[in-house]
Amino acid sequence: MTTISSVSRTKWTLLERIAFRFVFIYFFLYIIFQNNGAFPFWNVLMSKPTEWLYQFIPWVGDLVFGVEITTFTNGSGDTTYDYVLSFVMLVLAVVGGAIWSLLDRNKLSYVKLYYWLSVAVRFYVGLMLINYGLVKVIKLQFSHPSFHKLLQDYGDSSPMGLAWTFLGFSKGYNLFMGIAEVLVGLLLFRRTLTLGAIITLMTTANVMAVNYFYDVPVKLLSTHLVIFTLFLLSRDIKKLLTFFLTSRSVSLEAIKQPIFMPRVLIGLVYKM
C-alpha cells in the first residue's frame with residue numbers, strides 16, 4: 001500500500017528541484033500580476049505596480065516583438081499586453097530558477113515551500129471558480145438569447161456568439177455548470193484537495209475547450225487554471241493512476257501543514 005507522497009520525501013531528485021524552482025517563481029508571478037479578481041481588494045494593493053507594468057510591458061513588446069501595445073487587460077484576458085506579460089514572467093521564471101539552482105545546489109527538498117505554493121494555488125483557483133460558479137447559478141454570465149439574437153441570421157453569428165447563445169438558452173445547464181464550479185471549493189480544504197482537484201480539472205478543461213474552439217478571448221486564464229490544477233494533482237498522480245489502472249490498493253494522505261516553533265522551543269524539545 002502506498003502512503004507516502006512524493007513531495008513529502010526529504011530528498012527530491014535534481015530534476016524535481018529544478019522544476020519546482022521554475023514553477024514556484026512563475027506561479028507566484030502569475031498569481032500576483034494576473035490575479036483576475038481571485039483575492040478581494042487585490043487590485044487596490046496592486047494599483048501602483050500595475051501602473052509600472054503599463055509602462056514596462058509596452059516597452060518590452062516594442063523592443064522584443066516590435067508590437068505597439070495600446071490596449072491593456074479588460075474584459076478580454078488575451079490582449080497583446082497579456083501575452084507579452086506572460087512572456088516576461090516566463091523569462092523571469094527561467095532566469096530566476098537558474099540563479100536559484102546555482103545558489104541553492106545543496107538543498108535536498110522544498111517541502112515547506114511546496115506547501116505554501118499549493119496554498120496560494122488552491123485559493124487562487126478555488127476562489128476564482130467559486131465566483132464564476134455563483135454567477136452561473138444565478139444566471140448572470142450567460143443571459144437568455146436576446147430578441148435581436150433570435151432574429152439574426154445563423155450564419156452571421158460569431159463562434160463566441162454561438163457559444164453564448166447555446167449556454168444562455170438553458171437555465172438548467174447554467175445551474176449544472178455553476179454547481180460544478182462551486183464544488184471546486186473543495187480545494188480550500190487539505191483533506192479534500194485531491195477530490196477537489198479532480199473536479200477542478202474536469203471543469204477547467206471544459207472551459208478551456210470552449211474558449212479555444214469557440215474563440216472566446218479568455219484562453220490564457222483558462223489554460224493557466226488547467227496547469228495550476230495539474231500541479232495540485234501531480235503529488236498524487238502515481239497513486240491515482242495505480243487506483244484507476246490497476247487492482248492494487250492505494251491510500252491518499254492530506255498535504256501536511258508545516259509546524260512552526262520558535263528556535264528556543266525547538267531546542268527545549270530536542271533536550272527533552
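# Exercises on a predicted helical chain

**Exercise 1.** Identify the helices that each supply at least two residues of the lining of the largest pocket.

*Solution.* Step 1: the helices are α5, α7 (159-169), α8 (171-182), α9 and α10. Helices here are DSSP runs of H or I with at least four residues, strands are runs of E with at least two, and both are numbered from the N terminus. A pocket is an open set of points on a 1 Å grid over the protein atoms alone, where a 1.4 Å probe fits and protein lies on both sides within 12 Å along at least five of seven lines; lining residues have an atom within 4 Å of a point.

Step 2: α9 contributes the most, eight residues. The lining has 37 residues, and Y132, Q141, V207, N211 and V218 lie nearest the centre of the pocket.

Step 3: by type, the lining holds 21 nonpolar, 13 polar and three charged residues. Ala, Val, Leu, Ile, Met, Phe, Trp, Tyr, Cys and Pro count as nonpolar, Asp, Glu, Lys and Arg as charged, and the others, Gly among them, as polar.

**Notes on the model.** This is a predicted model, in which local features need pLDDT of at least 70 and side-chain atom pairs count only at pLDDT 80 or more, while totals for chains, interfaces and linings use all residues. Residues are numbered from 1 along each chain as its sequence is written, and side-chain values use heavy atoms, leaving out hydrogens and water.

**Exercise 2.** Describe the secondary structure of the chain.

*Solution.* The chain has twelve helices and zero strands. The C-alpha trace spans about 80 × 50 × 35 Å along its principal axes.

**Exercise 3.** Find the residues that Y124 touches, leaving out residues up to four places away in sequence.

*Solution.* Step 1: a contact means heavy atoms within 4.5 Å. Step 2: Y124 touches Y30, I31, Q34, N35, N36, A38, F39, L221, L225 and F228.

**Exercise 4.** Which residues of helix α11 (residues 237-245) are buried, and why do they lie on the same side?

*Solution.* Step 1: buried means under 20% relative accessible area, exposed over 50%, and partly exposed in between (1.4 Å probe, protein chains only). The buried residues of α11 are K239, L240 and T242.

Step 2: they share a side of α11 because they cover an arc of only 160° around the axis. The arc is taken over the directions from the helix axis to the C-beta atoms.

Step 3: the face turned away from the buried side carries the exposed residues K238, F244 and L245. The cover over the buried residues of α11 includes α9 and α10.
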